Amino acid sequence: MVAKSLDVVVLLKLLVDGGGKPYAQLSHELGMSASEIHASIRRCAIAGLVNPDSKEPLRKPLEEYLLHGVRYAFPGKRGPLARGIPTAHAAPPLAAQITSDDLPPVWPDPEGTTKGYALEPLYRSVPMAAKSDPKLYELLALVDTLRVGRARERKMAEEELRKRLEHANAT
């Protein structure tokens, strides 16, 4: 079994919504095929990140994976100047706490209003999914902070992720 970056997106969506949604609905909300969702949940169950029966993320293993693995498995790739949606420390919830004169990281998106350096999202449909789900957007931005942030930014993202995982409906 090889983890895929889309697994992180699926895990975060399951964390936000719980595991009870049908694959077709998740497919629509994430901009992935139902077969991609099904395969992702299967990989995550094999890896011990999801309860195979309820499809709910397992909080402690997910925390370890996000905080210690994602950065190395799916490092952020900085691209050229682009218009898009702010991510990482330039997006909520960290944007209010971190100020910088540097260009912000953005997911390239033609409807985006922010200019910054392009950061390749974990999956191509992330900007669309984030626009329709603010909680998912914040989790994805926190994970991107772990992928590309400086030490201080990563530490803040870790604390915020831990809080959110603690209060999630995950087991």
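**Note on Leu140 and the fold around it**

1. Leu140 lies in helix H7, which covers residues 134-148; helices (H or I, at least four residues) and strands (E, at least two) are DSSP runs, numbered from the N terminus. This is a predicted model, in which local features need pLDDT of at least 70 and side-chain atom pairs count only at pLDDT 80 or more, while totals for chains, interfaces and linings use all residues. Residues are numbered from 1 along each chain as its sequence is written, and side-chain values use heavy atoms, with hydrogens and water left out.

2. Leu140 counts as buried because its relative accessibility is 1%, where buried means under 20% relative accessible area, exposed over 50% and partly exposed in between (1.4 Å probe, protein chains only). Of the 171 residues of the protein chain, 49% count as buried.

3. Leaving aside neighbours within four places in sequence, Leu140 is in contact (heavy atoms within 4.5 Å) with Val9, Leu12, Thr87, Trp107, Leu122, Val126 and Ala130. Leu12 stands 128 residues from Leu140 along the chain, yet their C-alpha atoms are separated by 7.5 Å.

4. For the protein chain as a whole, among contacts between residues at least 6 apart in sequence, 66% join residues at least 24 apart.

5. The protein chain has 8 helices and 3 strands, and from the N terminus on its elements run α-α-α-α-α-β-β-β-α-α-α. Along its principal axes, the C-alpha trace of the protein chain spans about 45 × 30 × 25 Å.
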